Amino acid sequence: MERKLPCAFKFLPPLRPHYPYRSLCTSHTFPELFFGAKKPSIQSPRRRRLGPYEFLSFLKLEKDPDRLVSIWKEASEHHRFHHHRSAYESTVKKLASVNRPDAVEEILEHEKQLSRSRPYNEGFIVRIITLYGRAGMPDQAVKTFRQCPDFDCGHSVKCFNAALCALYAAKQHQRILDLYSEIKETVNIKPNLTTFLTVIKALCQVGSSNSGYSMLDEMVKHGCSPDTVTFNVVLKGFYNEAKPQEAARVLKKMSEMGCHPDVHTYNIRILNLCNESKSDEAKALLRVMRADGIKPNTLSYNTLIEGFCKEHNLVEANKVFVDMAGNECDPNNQSYYTFIYYLCIEEEFDWALEVCDESIRKNWVPNISVLQMLIEGLVKISKVDSACRIIGEARSRFPSRCVGLWDDIEKALSKSAGSPISLEAKSPKM
């Protein structure tokens, strides 16, 4: 006999979810959670057709590359799926991380085939070229650029820039120059600032900074004014080639074109002076930098600290280290690591211990090689207890794969001290 509901329930509306989308975690999508059954094939005819949001969940959870490709191909049938740029980036990154360029090519070529039957815009082809570049596949990126006319978007400057950036990411600088020369002669593409910047960077990388400097005038002819970033690339190129006079020409041209230097411009100059053992001049340049209204960053100070340390001037290095906080630029972990390293090189182990303690209090632990130098130095000056304390504080903060290295350090420490030492007993409570 059928049981009748109370009268009050007859007038209640049917229960419905309060959110607009179907839950991703259902017996259809994840049967193993509900029935303990094996997950069905993504192509199984018994499974209902999934929406784009459910496919995103599958792509995020799936770890098998071959199955990931199958899920991707079915997901790409949904037109709305192509709006999810993050899904493209995360999937390509996942396949590239397991060294499966064939799978990356399979899904992206599948997208290119679909784009021939769908009205995708230029941005979609730029995305494909960029993804090939991020996967470390510059040949396929250039191939896709050459196929641009097949996708009804032509050889646009955006597609060209994406191909150049893919080559630059693969450090194929000469191919950038070859492709630029070819396209300039055969295809009517008007280069923009990104195009010139990539080509200039490639010229400086192959040791042709003079050609990069000449391209600044070519930029003006094409109605494209060089910016500070472009000048910085050429400036750094000349310094790397040990051509300070040409670098001075860049600074002069920069001023003539009304382009003001930024913090990166000064950092390049400071680094060059420190490399030439002219840290005093670099420090003076830092004062000029502040006078020009440009605030030095951490890299500015770290370069100076290392420059003075290489010149064995630890006192001046310490002044820069202390002045950082006074100029609203606190030292970072690299500041501490660099200073500790050079203090150990100069056998200032007491000073290095003081800086190391301060670094560890900020939860910045130097690498094992620097700590080993410090520990051996402390043992050398008969400060075994301090060496044990440093090991006890640092050991627990390294991954388990470093246990063997710590055991070797402990044995060497015991041998140097002349008696076995228990580090666990001397480790402070954390």
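Modeller: Helix α20 covers residues 368-380, which makes 13 residues, and from its first C-alpha to its last it reaches 18 Å, close to the 18 Å expected at 1.5 Å a residue. Helices here are DSSP runs (H or I, at least four residues) numbered from the N terminus, and the expected span is 1.5 Å times one less than the number of residues. This is a predicted model, in which local features need pLDDT of at least 70, side-chain atom pairs count only at pLDDT 80 or more, and totals for chains, interfaces and linings use all residues. Residues are numbered from 1 along each chain as its sequence is written, and side-chain values use heavy atoms, with hydrogens and water left out.

Just after α20 comes Ser382, whose phi is positive, at about 65°.

Now take helix α4, residues 85-97, which has 13 residues and reaches 18 Å between its end C-alpha atoms, close to the expected 18 Å. Its buried residues are Ala87, Tyr88, Thr91, Val92 and Leu95. Seen down the axis of α4, these buried residues fall within an arc of 120°, so they line one face of the helix; the arc is taken from the directions that run from the helix axis to the C-beta atoms. On the other side of α4, Ser86, Lys93 and Ser97 are exposed, and just after the helix Asn99 takes a positive phi of about 60°.

Definitions and conventions:
Helices (H or I, at least four residues) and strands (E, at least two) are DSSP runs, numbered from the N terminus. Buried means under 20% relative accessible area, exposed over 50%, partly exposed in between (1.4 Å probe, protein chains only).
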